[in-house]
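Here is a short report on one protein chain.

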Amino acid sequence: MKLLESLHKNATLLEPIAHIISNEDHRAIIDLRDKPPRIEPETLAEKISESHLNLLKGAEVNFVANDPSFGGVLFEKSGVGIGISGSSTGYIYSHTTLNIEESDDLYSAFKNQKENLSLVDGSSDIKLVQPAIKNWWLYIETF
């Protein structure tokens, strides 16, 4: 699984960034898709250096956020769609238990949930995590 291999390679490098963002409120983001990268709020921008941004780029992370819906710091590796519809995969960092039920096999669980989505209510929201290494999970979500 490429995502897990990538996490093993980058977790130690990304952990200091996770600590910085976890100490910010739920609005904290680093968006490397914007040129120049957007860092909010200003208190976070003051703490994030060019070196941090280069680490994120080297790890092929597109977006980082303090995400209360997961209960940790989200590191998006891949995302498609627009703000109201799409999907995202990457890593979650947290010192505590996440707000999402864990799965032993992220992709099988995703396939099962996708097959059980209700076409009647039009819902396509799925959030899944898989434990990876201490304080790190893999995630997949659709919205």
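## Model confidence

pLDDT is the predictor's confidence in each residue, on a scale from 0 to 100. The model is predicted. The protein chain averages a pLDDT of 91, and 92% of the residues score at least 70. Among the elements, strand β1 (residues 29–31) has the highest mean, 98. Helix α4 (residues 106–115) has the lowest, 81.

## The sheet

Strands of a sheet pair through backbone hydrogen bonds, either parallel or antiparallel. Here seven strands form an open sheet, and the pairing is antiparallel. The order is β2-β1-β3-β4-β5-β7-β6. The edge strands are β2 (38–40) and β6 (126–133), each pairing on one side only. On average, neighbouring strands of this sheet are turned by 20 degrees against each other, direction ignored.

Strand β4 (residues 72–82) runs antiparallel to β5, and nine bridges join the two. Gly 79 has Ser 88 in β5 as its bridge partner.

## Helices on the sheet

Helix α1 (residues 2–22) lies across β1, β3 (63–67), β4, β5, β6 and β7. Its angle to β5 is about 80 degrees. Helix α4 lies across β6 and β7 and runs at about 170 degrees to β6.

The chain has four aromatic pairs. In one of them, the ring centres of Tyr 93 and Trp 136 are 4.9 Å apart and the planes stand at 65 degrees. Planes over 60 degrees apart count as edge-to-face, so this pair is edge-to-face. The pair links distant parts of the chain: Tyr 93 is in strand β5 (residues 85–93) and Trp 136 in strand β7 (residues 136–142), 43 residues apart.

Both Tyr 93 and Trp 136 are buried.

## Backbone details

Most residues other than glycine have a negative phi, and most peptide bonds are trans. Pro 36 sits in the loop between β1 and β2. Another cis peptide bond joins Glu 40 and Pro 41, with omega about -5 degrees. Pro 41 is in the loop between β2 and α2 (42–45).

Glu 60 has a positive phi, near 60 degrees. Glu 60 is found in the loop between α3 (50–58) and β3. Asn 135 also has a positive phi, near 70 degrees, and lies in the loop between β6 and β7. Is each residue buried or exposed? Glu 60 is exposed, with a relative accessible area of 55%. Asn 135 is buried, at 18%.

Key: Residues are numbered from 1 along each chain as its sequence is written. This is a predicted model: local features need pLDDT of at least 70, side-chain atom pairs count only at pLDDT 80 or more; totals for chains, interfaces and linings use all residues. Side-chain values use heavy atoms; hydrogens and water are left out. Rings of Phe, Tyr and Trp (its six-membered ring) pair if their centres lie within 6.5 Å; planes under 30 degrees apart count as stacked, over 60 as edge-to-face and the rest as tilted. Helices (H or I, at least four residues) and strands (E, at least two) are DSSP runs, numbered from the N terminus. Buried means under 20% relative accessible area, exposed over 50%, partly exposed in between (1.4 Å probe, protein chains only). Two strands pair if DSSP finds at least two bridges between them. Axes are lines fitted to C-alpha atoms, for helices over the stretch in contact, and angles run from 0 to 180 degrees between N-to-C directions. Contact means heavy atoms within 4.5 Å.
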